Amino acid sequence: ALLSDFLIYASMFFIGLWGVFVIFLFKYEAHYVVRIFCKCSFFILRYIAKIKVEFKGEVPSGNILICSKHQSFLDILMLLYILPDSRFIMKKELVNMPILGYYARLIGCIPVNREKKGEALKELIISIKKFSSGQIVIYPQGTRVKPGEDKPYKIGAGVLCTKLKMECYLVATNAGVFWGRKSFFRYPGKAVISFLGKVKEKENIDEFMKEIETRIEDESNKLLTISKN
């Protein structure tokens, strides 16, 4: 774990610095550099920590919202790598971090101040409406959640999806089994991101929240069972 983490964060530093020149001199998009870092991280995890990554289902594209299960830094890397034009809704504190925050701003991630609550949600809707393309990734539980842990889904995700009238796709994962929240250990196995398709359009927020929670949790629990076998 220590070796794989050291190599991943060292690669973040060096690829991040190299990427500044690539973007500036050759006009490459920031997503190009980010994907190189993700691929490098997967290589390190596979050969040092014995963790493989796998993607299931049809990868969505276009100007859409994605409600995703969030268990680990690994599932962020996996979505960054596989989605064609991803932007994440993230804590505003992360935007100020060196390298990570710089690239988050470049690819269009949207910082949110959780303390503002209702006002933050209004600002978020305004920010998302500015994008005419890209996949906006939302974590409906608001934070990383340990595999098997029961944590409520926040109504904010439902408000966004119903107010913005954008198609919403769902994602499940078991990544936290292998790279856990606040864990110093890495466990061998196959980390999976599973794309579950889109939610049927709903005007009622309660119905929307019930569907996304049921589908995401059911699939994530299935992946958890597979990872234990």
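Mentor: Helices (H or I, at least four residues) and strands (E, at least two) are DSSP runs, numbered from the N terminus. This is a predicted model: local features need pLDDT of at least 70, side-chain atom pairs count only at pLDDT 80 or more, and totals for chains, interfaces and linings use all residues. Residues are numbered from 1 along each chain as its sequence is written, and side-chain values use heavy atoms, with hydrogens and water left out.

Trainee: OK. Where does K91 lie?

Mentor: K91 lies in strand β3, which covers residues 86–91.

Trainee: Is K91 buried, partly exposed or exposed?

Mentor: Partly exposed, because its relative accessibility is 35%. Buried means under 20% relative accessible area, exposed means over 50%, and partly exposed is in between (1.4 Å probe, protein chains only).

Trainee: Which positive surface patch is K91 in?

Mentor: The one formed by K91, R114, K146, K151, K154 and K182. Patch residues have over 30% relative accessible area and no salt bridge; like charges are joined within 9 Å, nonpolar side chains (Val, Leu, Ile, Met, Phe, Trp, Tyr) within 5 Å. Lys and Arg count as positive and Asp and Glu as negative; His and the chain ends are not counted. The place of a charge is NZ of Lys, CZ of Arg, CG of Asp or CD of Glu.

Trainee: And salt bridges? How many does a search of the whole structure find?

Mentor: Seven. A salt bridge is a side-chain nitrogen of Lys or Arg within 4 Å of a carboxyl oxygen of Asp or Glu.

Trainee: Show me one. What does D5 pair with?

Mentor: D5 forms a salt bridge with R186, and their closest N and O atoms are 2.7 Å apart. This pair links distant parts of the chain: D5 is in helix α1 and R186 in the loop between β6 and β7, 181 residues apart.

Trainee: Are those two buried or exposed?

Mentor: D5 is buried, with a relative accessible area of 19%. R186 is buried too, at 11%.

Trainee: What about K198?

Mentor: K198 forms a salt bridge with E167, with the closest N and O atoms 2.8 Å apart. K198 sits in strand β7 and E167 in the loop between α7 (155–164) and β6, 31 residues apart. K198 is partly exposed, with a relative accessible area of 41%. E167 is also partly exposed, at 39%.

Trainee: New topic. What's in the largest nonpolar core?

Mentor: It has 42 residues, and those with the most contacts inside it are L74, L79 and F88. Nine of its residues come from α2, the largest share. A nonpolar core is a set of buried Ala, Val, Leu, Ile, Met, Phe, Trp, Tyr and Cys residues joined through side-chain atoms within 4.5 Å.

Trainee: Why do they gather like that?

Mentor: In soluble globular proteins, nonpolar side chains tend to be buried together.

Trainee: Which residues form the nonpolar patch on the surface?

Mentor: Among them are W18, F21, Y32 and L106, and the whole patch has about 1,100 Å² of accessible area. Accessible areas come from the Shrake-Rupley method with a 1.4 Å probe; for residues, only the protein chains shown count as cover.

Trainee: Which helix gives the most to it?

Mentor: α1, with six residues.

Trainee: And where is L106?

Mentor: L106 is in helix α5. It counts as partly exposed because its relative accessibility is 39%.
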